[in-house]
Amino acid sequence: FSYHTIDKIKIPFVQVDTNDICVDDMSSVYYNRLIKKDTATKNDWSSFEYMHRKDDFYEYGVWVQYNSTIYETGKGSCIFLHVWLNDATPTSGCTAMSKENMLKLIYWLDESKNPVLLQVVKDE
């Protein structure tokens with residue numbers, strides 16, 4: 001996803017704006033889903049993330065397809081790879097990197113190769 005149009009990539013893409021949200025409220029029928037806020041048939045959430053943020057962390061991102069087919073409540077929601085502030089600032093469950101590396105990743109990913117995210121701690 002991005003605030004901008006991205007051409008010639010090999011993964012599904014969504015251009016997001018201020019109407020796009022990801023619902024992280026476990027009691028919502030929209031849990032762990034990207035929706036258009038103004039067209040939702042129910043407004044049953046109390047917690048969500050705007051996909052077009054003022055801090056531009058989501059200017060470029062990749063949705064981590066975790067808990068995204070069965071949507072098990074409490075198993076995790078709205079997990080992204082996205083742009084960081086810097087290498088010393090943590091996220092709240094996502095993985096962040098420089099804008100340059102985020103763009104390299106977006107162009108490198110290829111859905112036909114079934115990419116998998118594997119993360120380990122630095123010392124291992």
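Which cysteines form a disulfide, and how far apart are their sulfur atoms? The legends below begin with that pair, as seen in a predicted model.

**View 1. The disulfide between Cys22 and Cys78.** Here Cys22 and Cys78 are joined, with their sulfur atoms 2.1 Å apart. The pair ties together distant parts of the chain, 56 residues apart: Cys22 belongs to strand 1, while Cys78 sits in the loop between strand 4 (61-63) and strand 5. The torsion about the S-S bond is about -90 degrees, so this disulfide is left-handed. Both partners are tucked away: Cys22 is buried at a relative accessible area of 0%, and Cys78 is buried at 2%.

View 2. Cys94 is buried, with a relative accessible area of 15%.

**View 3. Asn32 and its surroundings.** You will find Asn32 in the loop between strand 1 (20-23) and strand 2 (34-36). Asn32 is buried, with a relative accessible area of 2%. Beyond its neighbours within four places in sequence, its contacts include Trp63, Tyr71 and both Cys22 and Cys78.

**View 4. The largest nonpolar core.** Among its 13 residues, Tyr60, Val62, Leu81, Met102, Leu105 and Ile106 touch the most other members. Strand 5 (80-83) and helix 1 (99-108) each supply at least two residues, and helix 1 gives the most, with three. Setting aside neighbours within four places in sequence, Met102 is in contact with residues including Tyr60, Val62, Leu81 and Met97. Another core, of eleven residues, lies apart from this one, and includes Phe1, Val16, Met51 and Phe80.

Methods:
Residues are numbered from 1 along each chain as its sequence is written. This is a predicted model: local features need pLDDT of at least 70, side-chain atom pairs count only at pLDDT 80 or more; totals for chains, interfaces and linings use all residues. Side-chain values use heavy atoms; hydrogens and water are left out. A nonpolar core is a set of buried Ala, Val, Leu, Ile, Met, Phe, Trp, Tyr and Cys residues joined through side-chain atoms within 4.5 Å. Buried means under 20% relative accessible area, exposed over 50%, partly exposed in between (1.4 Å probe, protein chains only). Helices (H or I, at least four residues) and strands (E, at least two) are DSSP runs, numbered from the N terminus. Contact means heavy atoms within 4.5 Å. A disulfide is a pair of cysteine sulfur atoms within 2.5 Å.
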